[in-house]
Amino acid sequence: QVQLVESGGGSVQAGGSLRLSCAASRRTRGNYNMAWFRQAPGKEREFVATINWSSGNTFYADSVKGRFTISKDSAKNTLYLQMNSLKPEDTAVYSCALGWSLSTVPPNTAPSYGIWGQGPQVTVSS
């Protein structure tokens, strides 16, 4: 079973930037997607962004479009989330996830992902 190890969280003021990393413990086989989700205190987990590892197709939540960029480094088995123009409402625990799919179009629902990392806290102050 592949394990996902996340890093890069922290505290930043509104308008700042952070980059999250999610390293897989081993190369993953098959057609799969990796994604970022987040959960703020008292709120449900929400989708942030996803990427299909083979095709590179990406999909973003409307709330982060134009500000966040999901990317990958296949040689390092690592997923990234570059977060720019951060807002206080971006404050949450961010988790990366991996899931297999029959399509190269990555899904945006949590049940589509079976392997989860334990993400860092991102705090954005006003």
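This is a predicted model: local features need pLDDT of at least 70, side-chain atom pairs count only at pLDDT 80 or more; totals for chains, interfaces and linings use all residues.
Residues are numbered from 1 along each chain as its sequence is written, and side-chain values use heavy atoms, with hydrogens and water left out.

**Aromatic pairs**

Rings of Phe, Tyr and Trp (its six-membered ring) are paired if their centres lie within 6.5 Å; planes under 30 degrees apart make the pair stacked, over 60 edge-to-face, and the rest tilted. By this rule there are 5 aromatic pairs. One of them joins Tyr32 and Trp53: the ring centres are 5.5 Å apart and the planes stand at 20°, so the pair is stacked. Tyr32 belongs to strand S4 (residues 32-39), whereas Trp53 lies in the loop between strand S5 (46-52) and strand S6 (58-60), so this pair ties together parts that are 21 residues apart in sequence. Strands here are DSSP runs (E, at least two residues), as helices are (H or I, at least four), and both are numbered from the N terminus.

Phe37 and Tyr113 have ring centres 5.6 Å apart and planes at 70°, so their pair is edge-to-face. This pair links distant parts of the chain, since Phe37 is in strand S4 and Tyr113 in the loop between strand S9 (92-100) and strand S10 (115-116), 76 residues apart. Ring pairs also join Phe37 and Tyr113 with Phe47, Phe59 and Trp116 in a cluster.

**Charges over rings**

A charge sits over a ring if NZ of Lys or CZ of Arg is within 6 Å of the ring centre and within 35 degrees of the ring normal. The charged end of Arg45 is placed in this way over the ring of Trp116, 4.4 Å from its centre. The charged end of Lys72 sits over the ring of Trp53, 5.5 Å from its centre.

**The disulfide**

A disulfide is a covalent bond between the sulfur atoms of two cysteines. The angle about the S-S bond is 60°, and the link of Cys22 and Cys96 is right-handed. Cys22 lies in strand S3 (residues 18-24) and Cys96 in strand S9, so the pair ties together parts that are 74 residues apart in sequence.

Leu79 is part of strand S8 (residues 78-83). Contact means heavy atoms within 4.5 Å.

Arg38 is found in strand S4. Its side chain makes a polar contact of 2.6 Å with that of Glu46 and another, of 2.9 Å, with that of Asp90. A polar contact is a pair of N or O atoms within 3.5 Å; within protein, one must be able to donate a hydrogen and the other to accept it, and residues adjacent in sequence count only if both atoms are side-chain atoms. Leaving aside neighbours within four places in sequence, Arg38 is in contact with residues including Arg45, Val48, Phe68 and Tyr94.

The table gives accessibility values for residues named above.

| Residue | Relative accessible area | State |
|---|---|---|
| Leu79 | 0% | buried |
| Cys22 | 0% | buried |
| Cys96 | 0% | buried |
| Phe37 | 2% | buried |
| Tyr113 | 4% | buried |
| Arg38 | 5% | buried |

**The chain as a whole**

The protein chain has 0 helices and 11 strands. Its radius of gyration is 14 Å, close to the 14 Å that the globule rule gives for 126 residues, so the chain is as compact as a globular protein of that length. The radius is taken over C-alpha atoms, and the rule is 2.2 Å times the number of residues to the power 0.38. Along its principal axes, the C-alpha trace spans about 45 × 25 × 25 Å. Of the 126 residues in the protein chain, 44% are buried. Among contacts with a separation of 6 or more, 59% are between residues 24 or more positions apart.

How values were computed. Buried means under 20% relative accessible area, exposed over 50%, partly exposed in between (1.4 Å probe, protein chains only). A disulfide is a pair of cysteine sulfur atoms within 2.5 Å.
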